[in-house]
Amino acid sequence: MDEKEKQAYLEKYHHEKEKGVPFFPDIIFKDTVVILVIFVALAALAYFAGAPLEERANPADTNYTPRPEWYFLFLFQLLKYFPGYLEVIGVVVLPTIGISLLFFLPLLDRSSKRHFINRPIVTGATLIGMIAIIGLTVLSIREAPPPAEAAGGDAVAALYIRNCASCHGASIQVATGTNLHNVIAEGKHEGMPSWSADLTSDQIDALAGFILSPGGSSLFAANCSACHSIEELVASSPVKLKEALGSGLTYEPHKGLQLPDWSKTLTPEQQTQLLNFLAAPDGQRLFATNCSACHGRYVAYSGEKEQLTKTISQGGVHLDMPAWKQKFSEAELQQLARYVVDPATAPEGKKLFQDQCAACHGERVPTAATVDEAYDQIANGGAHQTMPVWGQVLTPEQLDALVNYIIQANQGEDTEAGQKLFESNCAGCHGQFGEGGPNPARPNSVITPISSEEFLKTRDDITLAAIIALGQPDLGMGAFGNAAGGPLSDEDINSIVAYMRSWETNPPVVTAPEIEIQTLVMQGGEIYQQICAQCHGVSGEGNVGPALSDKDFQAKNNDQAIYDTISKGHNNTSMIAWGDILTPAQINQLVAFIRQMPPTEKPATPKPAEGQDAGNPPAAEATPTVTPTPKAASAPVFADIEPILKKRCAPCHGAMGGWDASTSEKVINSGDHGPAVIPGDAENSLLEKKLLGTQTDGTIMPPGGKLSEKELNLILEWIKAGAK
Amino acid sequence: MMARLTTWLDERTGFQQVWQAIFLRKIPKVNWFYTLGSATLFVAMNQMITGILLTLYYVPTPDHAYDSVQYITFQLPAGWYIRGLHHWGASAMVVLVVLHMLRVILYGAYKFPREVTWATGVILLLVTIGFGFTGYLLPWDQKAYWATTVGTRIAGAVPFVGDWILRILRGGNDLSAVTLARFFGVHVWVLPSVLLLLMGIHLFLVIRNGISAVPTRKD
Amino acid sequence: MAKESKMNREGFLKGAIVSIVTLIGAALGLPALPYLAGPALQKSGDQEWIRLGPTSKVELGQPTLFKFKVKTQSGWIVDEQELSAYVLSNDGREFVALSNVCTHLGCRVRWIDDEKTFFCPCHNAVFDKDGKVAAGPPPRPLDKFEIKVQDNTLYIKGG
């Protein structure tokens, strides 16, 4: 626009203005009418729609799907198209360009043309911009993960929506060969959390299946979910699944059921989708469902990866097994058959097996369902099952995962190192066989077995490793990983996990240890003697806890205060909230009982431990019997007891403060309650009391159960001999 | 009597001149699209009034924010109404600003001599979006918390300085009491000051330069 | 004629503007008033029975001091306040609970056992055992709480 055009415009504008109307009232009238309409609309929205208010913000909620306000949706949607390092385009470049274009529009479009048809570039760009923004907004709304409930019966889709969709949108493209299970479990790229803590292994597999084959998920929801849970099918053999789908009504378990013929109602494509969805590429699980029936937990393999892939995908015929009945006596055959069915029932079969069978069978004992079947097989021999052609059943991803798993498993840790680490780090609380016991961090609660089949089956290696590394603060377990300041390296943790896995085939424990959680049906005085006297003294004279019969105490606290203290407890002290255990009436009785206490000035007398806290291990129920051992030729020195302390005490005492079990001097002198050891006087040493459970404060140590008699005696002898 | 009072006042304030300059000035004949600016101004005023009313009860700390919003919405008489107006006004504001802007682009009204008016308008658009972004967090409900988590994280994706921006926005690494306090401060003090200043300039320029006429096919 | 119609039109426009502005002003302003006055107008909710303690603690014929906590709600904040009450019983069946807040200016009264009266230290007010004003400036007797006995435990309400 040059000077002349400027002048011309101003002149023309002046002219139009003269012909125009006054701002007030003509123009303002129009304005107020529009304003009224808008105001009525706002008021109506406020009345009918209201201002939404959701649940209080919960930073710990991992299930919430964040959505920005609607006018940011287009930007939010835009970012989906710029993953990874391209993100910067969506975040910085495009918005900056857009705003700059807007801001400098008068400088970019300097022509004197004003009508929009005469400015095709600006008009066109505006149109395109608006269409893009509206289009992106609409897309974002349509792609919006519906609220989890809206996923209908499709539980896996709901799982996906809750956990993945907010970042990944409605679907994810995965490069072939990706180990999805690991990516989900460990979290991969920046910002993606590790899900193994929040999701079970089954859920992760279901998600992996969903991501690879979203169609399979809806097929599952529509056709299978009425009878089967996703966890059930994910864990079943792909061969069976394929058979069930392919053979229709002739499939044995489906016979006689009112079912459609899957081989006809589902197209081959749909069948593949379903299979892909159900058989997630999780090597560990694939091995367990497909291979372990013949190969046990483990197949020894040291060859090339390609060879293994070939063997698995093409299958093969195993060697024939000779008939053993000529070689073995009847008794031997019986023994072996029993051993094969259940090694525990016929331990004497082990030697026989190792001598005669291990050459071909390796360490793994072939499993058989019944003794008769096993007997028949051993006696008559015969061709083994042909190894199936897995290449027809498994997808390439699954095959990859399986091969990788086997290779990894073969490079895996030997369980011996894991066992040692477990015993020195975990056994203190979890027991030597992972059987659990009273929870030292929680009164009245139990550490459930971690060696049970149920526990190990429901957690994969990654989950177990994460639990060890990060601890379970909610349950009182500290973090053991190096990264979190713990003593264990990643390798250590892996070998512990490997050791724990070795329990899976032969779980040492099945049920949780029982501890009695007493329901107290006592009256005021009795409750006091059973519970309170331990800390507050038999007649309220005080001990660990304050003196209740004290005049000051009685004057300072009204009934309500005493009631509240009993009911709610004090944080960080052994005064727990008894309101969970006692009824209000019982607490009232206690208050009354405390009120009628005669003031006493007696010094505190430690009370022998009877009626310990309910959280005591069964071991403590037996009266401590310490048979005095004849004095050894030489009195034990610190070096003799050091291994015991290191193994049974140091995992908790030392790094965590309080009593330090690391050196002789510290063992004697450190501790929150003064010297733990009085050299030469075992009976009055706190250490002895803690080990025998005769103290009044807290539970017996170690919390997993009393030391063995031998260990105990050694320590006591050491104290008696002067603790040198 | 009235006339005498008017004269007395005018002698001392000169308001009649101002009144004439603003309200009695002549304007080219325009259509209904030209009401969008005034409508935006009205909604901005609505936001100010309802916003001020809301601050009388709202407390910007994580302990109290949600409770106080709940109190406003469900306990106070007409609280739902004030908050509803403010909430929907925010959306209306964005819609109207954009429509107003489209009208200006379509009629070429950003051209000489109204370039500066346009520039202030673009900044006002950004301020409006800033209001929306900061206001969203204040109720401290799930939606607020998570949308802001994501929103600030997006800012964190800027290369080199992203992490720095993220921490400045949040006042630390995580969304916390600090974040809430600064979002509140920006929403209630910083942005309104900027808004009033720019709105003043914008309106002054609109009055000084007059409303652009509807261009004809020949223009 | 033309001029008149122009005047009419202008008058109509002006009238319409004034009405619309007034309407919106009222629709925004009127609800703001109860909104502003809201907390002052709100009634305190139903009170609950507060547990005082066992009846056995009350000495017959003599006011016994009980302390208790009351939950008060102001706005969205629930607070706990410690209050006291004197409980009096002559026969162990009928109980009276008196507030220990002087009805004059709100100081705390205390029981003077030797005089058998309540005494307020602020302006030397004296109430007798039943809470009636015996001397001094208080305008009315000590406030009474509603009281009930359940399972030998005293509960009060009010205050």
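## Salt bridges and polar contacts

In this predicted model, A:Lys12 and B:Asp219 are joined by a salt bridge in which the closest N and O atoms lie 2.7 Å apart. Across the interface of chain B and chain A, 3 salt bridges are found by the rule. The polar contacts between chain B and chain A amount to 32 residue pairs, counted where both residues are at pLDDT 80 or more.

## The side of chain B that touches chain A

Several elements of chain B give two or more residues to the side that touches chain A, among them helix 2 (15–22), strand 1 (26–27), helix 3 (36–55) and helix 4 (65–74). Helix 6 (115–137) and helix 7 (142–155) of chain B also belong to this group, while helix 5 of chain B provides the largest share, with 18 residues.

Sorted by class, this side of chain B is made up of 54 nonpolar, 16 polar and 15 charged residues.

## Extent of the interface

Chain B brings 85 residues to the contact, and chain A brings 72 residues. The area buried between the two chains comes to about 7,400 Å², and carbon and sulfur atoms account for 70% of that area.

## Strand pairing between the chains

Strand 1 of chain A, which covers residues 21–22, pairs with strand 1 of chain B in the antiparallel sense, over 2 bridges. Within this pairing, A:Val21 has B:Ile27, in strand 1 of chain B, as its bridge partner. Strand 1 of chain B is also among the elements that give two or more residues to the side of chain B that touches chain A.

Conventions: Residues are numbered from 1 along each chain as its sequence is written. Chains are lettered from A and ligands numbered from 1 in the order in which they are written. This is a predicted model: local features need pLDDT of at least 70, side-chain atom pairs count only at pLDDT 80 or more; totals for chains, interfaces and linings use all residues. Side-chain values use heavy atoms; hydrogens and water are left out. Contact means heavy atoms within 4.5 Å. Buried area is the accessible area (1.4 Å probe) that two parts lose on being put together, summed over both. A salt bridge is a side-chain nitrogen of Lys or Arg within 4 Å of a carboxyl oxygen of Asp or Glu. A polar contact is a pair of N or O atoms within 3.5 Å; within protein, one must be able to donate a hydrogen and the other to accept it, and residues adjacent in sequence count only if both atoms are side-chain atoms. Helices (H or I, at least four residues) and strands (E, at least two) are DSSP runs, numbered from the N terminus. Ala, Val, Leu, Ile, Met, Phe, Trp, Tyr, Cys and Pro count as nonpolar, Asp, Glu, Lys and Arg as charged, and the others, Gly among them, as polar. Two strands pair if DSSP finds at least two bridges between them.
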